[in-house]
Amino acid sequence: MSAPKLYASHVPLAPLSRLFLGIGSAVTAITDPRRGDMVAAMGETTAIGPVFLERLNTSPDARPAVKYINDLDHLYVMQRYRETHDFTHIALEQKTNMLGEVTVKYFEGIQYGLPMCVSGGIFGGARLLKKHRQELIDKYLPWVVEQANNARFFMAFDWENHFEKQLSEVQKELNVVPLKARMKKQQDELTGFAENIDDLANRLKNALNKLEERKADSPEAPGNQLGNSQLEKQPTPYREKIGKLSGEVVDSNPYSRLMALQRMGIVQDYEKIREKTVAVVGVGGVGSVVAEMLTRCGIGKLILFDYDKVEIANMNRLFYQPNQAGLSKVEAARDTLIHVNPDVEIEVHNFNITTVDNFDTFVQRIRQGSLTNSRVDLVLSCVDNFEARMAVNMACNEENQIWMESGVSENAVSGHIQYIEPGKTACFACVPPLVVASNIDERTLKRDGVCAASLPTTMAVVAGFLVMNTLKYLLNFGEVSHYVGYNALADFFPRESIKPNPFCDDNHCLIRQKEYEARKASEIIDLEIQEPEEEAVVHEENEWGIELVDESEPVLSSESPNNSGMAEGLKFAYEPAKKDNLSGDLSPAQAATHDLMQSIKDKL
């Protein structure tokens, strides 16, 4: 027997009908969350007695247009819940996406005890993507449980009378701490703790230094029996920044040998290098040496990206020192490079560029990281994994940024560098390695206890090639190589040019290819053909009577018998001039020479 009709839209239900409708609406709401009527039906059919109704400070003046509530108190609770739901989103600062909705459901389930809210949180969380589900478990759930237990009861809060207040004031009245504020507070606490640790370490270091100084000044110190503190070495102050490069050849000028390139005509204006900005991604065996070379060359600004730390295992390579173990690579590199050349501005980022948030920051620094807050001049990839290379490739294709890629083989006896201009040359995705083309997670290829080989020689060679190509590109001299390989076993250096793949998987690469073809088609080709002018052959007169004979004239040979008295088997290479006409054809000088030779011949 169904319950009596209590209000206009009321649909009285018997307990069994109520049960079936509740189950059906729950299944439909879970499979299709867009069915708002089923979500509402589920909430109404599963509503229980209002155990908190006596705590409310408002009266149910208005009745909701619901259908399946058989109790007027239940009716008011459901209406108030619906009205408060959107306010809960705002107070908790949760978006209306799937993750935000599940978070709010958990909050309401803990505060109100409504079965719909509890089941919505459980089943909604199961529908989340793996990444968001992990984020819900690690970050959102601990926070929302804390807030639901500590905050005021939301249904009993007359939020309708607080529209004119700032959200922060309402949150304070409700005793709600937003997730971002809570995380910031935790981060500040961790930062403060780290600062306290650093301060303690510095104080300890200063105390140890003072102790060493006292030992050095004591009369018992070796070589200082007289206790003479005047022998203590004073630190030498490092040079100030140089405003303008000079080619003056003096010991105190760090740029004299670099400016000699300009004096010798290799580079037109070397000082332009101070206007250039280069981003180096990966500050390991190759990247650290590249950063050092560019710093010594006087580059204007370096932007370094890496997330790894210096380890003792890195000491077989170049650049890093054992006392830097444990420091982040970018910070250790910055501290060293500042002392190498204080004129270079160095910006560091200690994060992994392959994550979503960090990738956006990486693209933003490519776009605005130069000395003039515009796009950088060049990006150099010195990473040791394909995932990071693909991230650099994607960013540079998207920003139409020229970059250079480098790498050293796993066996440490070969390497390469590659110049990549989006649209003109092949990008990293145009001809991908097998690991990339097969969509294999390269982390699964690594085995415990097995590492790649590493030689400082190979890395130094590859770094040198990369920096040389960079200087040629930035300062516009020589020929920029599109690809240079290096095989240390055979000392083989192949050079290639690789055209872009018209079927590349990177959509931005295909866009850049079309843009490049359009630019080529719009270029005006000026073919000015000049015919060579024939110069007349000029024969200079000389006192020896030597003349050039036109080779186009036929050479007359004589078959007459040998009447010159020459030995048998010999003949003249040309027909001798006849004696009777000789004096008439010779110039005075030639005639005098002829007479002298004839007189010598007669005497013999």
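1. At 54% relative accessibility, D491 counts as exposed, where exposed means over 50% relative accessible area, buried under 20% and partly exposed in between (1.4 Å probe, protein chains only). The residue sits in the loop between β7 (483-487) and β8 (495-496), and has a positive phi of about 50° although it is not a glycine. Most residues other than glycine have a negative phi.

2. The coordinates belong to a predicted model, in which local features need pLDDT of at least 70 and side-chain atom pairs count only at pLDDT 80 or more, while totals for chains, interfaces and linings use all residues. Residues are numbered from 1 along each chain as its sequence is written, and side-chain values use heavy atoms, with hydrogens and water left out.

3. N400 also deserves a look at its backbone, with a positive phi of about 55° although it is not a glycine. N400 lies in the loop between α13 (386-399) and β5, and is partly exposed at a relative accessible area of 27%.

4. As for confidence, pLDDT being the predictor's confidence in each residue on a scale from 0 to 100, the mean for the protein is 78, and 74% of its residues reach 70 or more. Over residues 221-237 the pLDDT is below 50, yet this stretch has 14 contacts in the model beyond near neighbours in sequence, a contact meaning heavy atoms within 4.5 Å. For residues 557-561, where pLDDT likewise stays under 50, the model has one contact beyond four places in sequence. Where pLDDT is low, the predicted coordinates should not be read in detail.

5. The protein has 18 helices and eight strands, these being DSSP runs numbered from the N terminus (helices H or I, at least four residues; strands E, at least two).

6. Of the 604 residues in the protein, 36% are buried. Among contacts between residues at least 6 apart in sequence, 63% join residues at least 24 apart. The accessible surface comes to about 38,900 Å², with 54% of this area belonging to carbon and sulfur atoms; such areas come from the Shrake-Rupley method with a 1.4 Å probe, and for residues only the protein chains shown count as cover.

7. Which residues make the nonpolar surface patch of about 510 Å²? The patch is made by L16, L19, F20, I23 and V27. I23 is found in helix α1 (residues 15-31) and is partly exposed, with a relative accessible area of 48%.

8. On the cysteines, the count of disulfides comes to zero, a disulfide being a pair of cysteine sulfur atoms within 2.5 Å. The sulfur of C427 is 3.5 Å from the closest cysteine sulfur, in C430, and therefore too far for a bond. C427 is buried, with a relative accessible area of 3%, and C117 also counts as buried, at 0% relative accessibility.

9. Finally, E410 lies in the loop between β5 (403-408) and β6 (414-420), and is exposed, with a relative accessible area of 62%. Not counting residues up to four places away in sequence, E410 touches A452 and A453. E410 and A452 are 42 residues apart in sequence, while their C-alpha atoms are 5.1 Å apart in space.

Conventions. Patches are made of residues with over 30% relative accessible area and no salt bridge: like charges are joined within 9 Å, nonpolar side chains (Val, Leu, Ile, Met, Phe, Trp, Tyr) within 5 Å. A salt bridge is a side-chain nitrogen of Lys or Arg within 4 Å of a carboxyl oxygen of Asp or Glu.
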